[in-house]
Amino acid sequence: MIQLPYITLESKGIHLIISNPQINAILRRILLVDLDSADAYLAVVLISLISLCFKQLHAFTRPPPVQRKNLPQRPALQILFKPDEISFSSTVEQQQNGRNHEFMGENGADTTLLDSSASSVPSVVVSDIPPAEDDDLLSQSTRGGSFVTTETSKPKKPMIRPYDLPDSFAPLLSSSQMEIIYDELSTDLLHAMQVEGVVRLRHGRHNIPLDKDSSRPQLVLDIPSGGCKVTAVSAIGSDGFSTEDDLDPFKSTKDRSLPMVKHAGVTLDPPLPLANVAPTLIHFPTLFEDNVVKYTLRRIQIVRYALDMLKSISSFIEKVLWIIESKCQIHLGKISVTPLYRGAEYYGKDKAYREPQWRLSLAFSGHLMLFGWIPIPFVNIVLPTWIIPSPHALLEYLVSSQPLASAKVKREEISFEEITMAVINAVETWDFKVEAVGTPPALGVDLKLPGGITVAVETMHGTDVSGGRPRGGLETSGHGLVESHSNSDTLSSCTMFSENDNSRTRFRRHRTRPVFKQTANTVFDANKLVPWKGSVHIKGKMSNECISVVIPSITFFHSQRSREGGGFGEEKLETSKISISGNIVVCLPDALALQKADLHSNARRKVSSSRLHNLAFDAEKRTVAAILLFPEKNTSSNRRYQNLLKYEYQLDIGEDTTIDAVSLSIGATHPMLKGGTIITTILESMYAYGTVSSRQDSLLDMSEFSRKRNILRHLPAVDFTAGISNFFIPEESMSLSDDGQTKCTPELLGGQILMRVLGGFNKSEKYNEMQHLDSLSSHHYVEEGIKVILDVGIASLALNNKTNVNEFPELDIFEGQKLLSTLSGSIDGTVFLHLRPQNLESFNTGTVSKNIFNPLEAYEIDFTGSKAGLKITEAKAELGHRRLIIPSETTVGLHIVKSVVDMAFDGTTECELNWDFQGSSPILQSTSVGLSPEIASHEDKEQVNLLIYPLRQGRFNLVVSPVGGLTITQAVTTREN
């Protein structure tokens, strides 16, 4: 017996007796005690519950695992450069004139659109007179720099600035048309990424224009005084992996799943007050097309009528909700993002099949401030997907043009520029830390030169001897399987050397032959590579006038474990590391910077100082972010000055930056040649360090066209050192050059490179106090332009050639014979290359002057002091029964005494050629027709010396004129000693 205040429980078998009559009556009704058919009712309820469990069984089971990834065998990013053509510019001009005819009015007046930004390619110069700076008719027109005139005249041609010239012959800078091909790239190359960020929002009310109709209320972020701290975290990785496993680069690629967002969250401190939430939520569904509403609900007639009715009274509902919102303001404190699995389903009248998908669920937390002082919290509120759609969870779909899983984005209804600028203007400071693991793709660059030659360069990390060849490793020529190794097979054959006063001497003196490892024949596969691991820490602050970015560290690390001896031996760790730090500042120019830009401009009349001062302090100027992200291209002088930015940057490459191996493949073809060239080189033990910074008072004109030539306007101040301890051509690569007439097979072993890049510094800047400058003498100070000092040494280079020869019976040359030649030796050389502005004073007196506004004509290259030497180990050529032999130890040298050319390689070059056959003479051997001199006996062949003794050593000067004329002077044919 249990006695309670209102209930008395007495156990009699399975009977319970409740003393309180009211409670007893309620329980008897709930338990259906007084009903005769109670058992039938209980059976129906039990069957319903069991059916519901079977229907929703998947809610209690784990979703299927995400598909495992399989990378492309050789992923690559392709960049194509095409040459500028005047004919194409003429076509664009005709199209522009045709467009002008379309604007003709009924009275014959035309509306001519004068806008140099109508084409992004160079155009034919129509006028050599630039637009005057005070022609403000353009500045009074619509944004974009175009204006409309009403004249009864012929359509006018577009006004082109004088430096918008078609590219002249400048092979390195003539390809302004660029195309990037992403076909072989995949989001699967990113294996994992962890992001932690802190953003502080600026105090004030910020409108987010989700609605293009500016008359409607927009979403308002009412940020309190002191700002709002936004903390964001996100994790992308593989299904079933922990955070440690995701960031472990030694996890096998094939064990990873397709990358997906595993979790994400945003926390706002203090909670962010939101205004106009009700009209925003009502308008938000118009920005996308929900799949359920379109394919399911709207097919039901009564539901369609209900939706149409709600749409017709949406303005009334909006006003009601607005009134409610005015009494209870929403404060958003947290947004949680979690992935959910949605199984396959059939929808619509036609029962269309929708594949299973992973999508992200957005949950909102915060509180409602009722009447301004009563907080009512809400936690993890999930709105229906027809109000706020669910994005894809898989990275492959999340970064696509349609990132929503439950709807389709209506891009035409979204003002991306206004929304982007509104969000950026609300940001005051930020601090992000990112860790990622990924497999870098190969980089391919195809450059088509004006003469028709196409040069292709492909580079990637690791040793891939089949680079640039057909994927899969099989050669079309029938030579069998191309050997290909991953970066686990790299080898540092030569140790790196530090730079000092005698570095170049030791570099030449202590070059050794490399030792190579023997590896099994395997086809290159990116799935077998060990990924790179990187960490990025970046922070900064921004305002309307300035954006500053600080990069404490950017580090990419790669390590590869290998075992010595091919068994269970000692592990050896080979590493690659890239370390970068620095800072970047971009701001609006002041009056002094605008005055400098005006002095270097090609305007017909210069702008007064007072007007430049007014432009610098104009309150209606666009922000730095707006100019960077959405520049305006036009010809109005005022708008050109409004598109100017002043920038400063400094990037430091750490001394620990090294790369174990890089594969470099170079190919060349020509439409008029039958064959082609493909050479694969392995670069081992690469290193680099130094500083790259902007020059003083650097300006960036965002209105100028994007062309490679404009790089010359922004040459940095640089002190950079890089080197390659060993490079070679692997035998397995089957590198060759074939033009249809001559087939050349190169062999290269033991190459080394040391490069120094200097520029933008002078003695007044305490240049001697900078690091790594002990080995530089005083004449290496470079203030104007950039100077490159390149030391190259090759221990062994061999060229084996096979040339087709036409039949010539009179000279005992018969059909089927080939000219076989071999040249091998070692090379030493130093190249001095100084890219600098030309001294244009001498050109101003002529009838044709240089265009100082075209970088191609304003810069020159100085090769003075460069030299190269070849020491021949073996050189011979054989044709039928004749053979030519060059004495071993023969040396041939080239020294450039003076060479200054412009970007089109026009200029005067004076060089010295020298040779020394070491007292011997080249020999011509001959034997009987049908025999080879190489296998014929001494008695069966004859030979003769080709040079007399005085000609076996000598030198002469060769002068190349600007028009290609050759002049030989100061010939010397005797030994100096």
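Ground rules first. Residues are numbered from 1 along each chain as its sequence is written, and side-chain values use heavy atoms, with hydrogens and water left out. Because the model is predicted, local features need pLDDT of at least 70 and side-chain atom pairs count only at pLDDT 80 or more, while totals for chains, interfaces and linings use all residues.

Let's start with salt bridges. The cut-off is a side-chain nitrogen of Lys or Arg within 4 Å of a carboxyl oxygen of Asp or Glu. By that rule there are 14.

One of them joins Lys577 and Asp656, at 2.9 Å from N to O. Lys577 sits in strand E24 and Asp656 in strand E25, so the pair ties together parts 79 residues apart in sequence. Strands here are DSSP E runs of at least two residues, helices are H or I runs of at least four, and both are numbered from the N terminus. Lys577 is partly exposed, at 27% relative accessible area. Asp656 is partly exposed too, at 35%. On this scale, buried is under 20%, exposed is over 50%, and partly exposed is in between, with a 1.4 Å probe and protein chains only.

Next, Arg836 and Asp862. Their closest N and O atoms are 3.2 Å apart. Arg836 is in strand E32 and Asp862 in strand E33, so this bridge links parts 26 residues apart in sequence. Asp862 counts as buried, at 13%.

Now the arginine. Arg256 lies in the loop between helix H4 and strand E11. Its side chain reaches two backbone oxygens: that of Asp246 at 3.1 Å, and that of Asp248 at 2.6 Å.

Last, the surface. Met309, Leu310, Ile313, Phe316, Val320, Leu321 and Ile324 make a nonpolar patch of about 610 Å². Helices H7 (301-312) and H8 (314-327) each give two or more residues. H8 gives the most, with four. Patch residues have over 30% relative accessible area and no salt bridge; nonpolar side chains (Val, Leu, Ile, Met, Phe, Trp, Tyr) are joined within 5 Å, like charges within 9 Å. Areas come from the Shrake-Rupley method with a 1.4 Å probe; for residues, only the protein chains shown count as cover.

Methods:
Polar contact = N/O pair within 3.5 Å; in protein donor to acceptor, adjacent residues only side chain to side chain.
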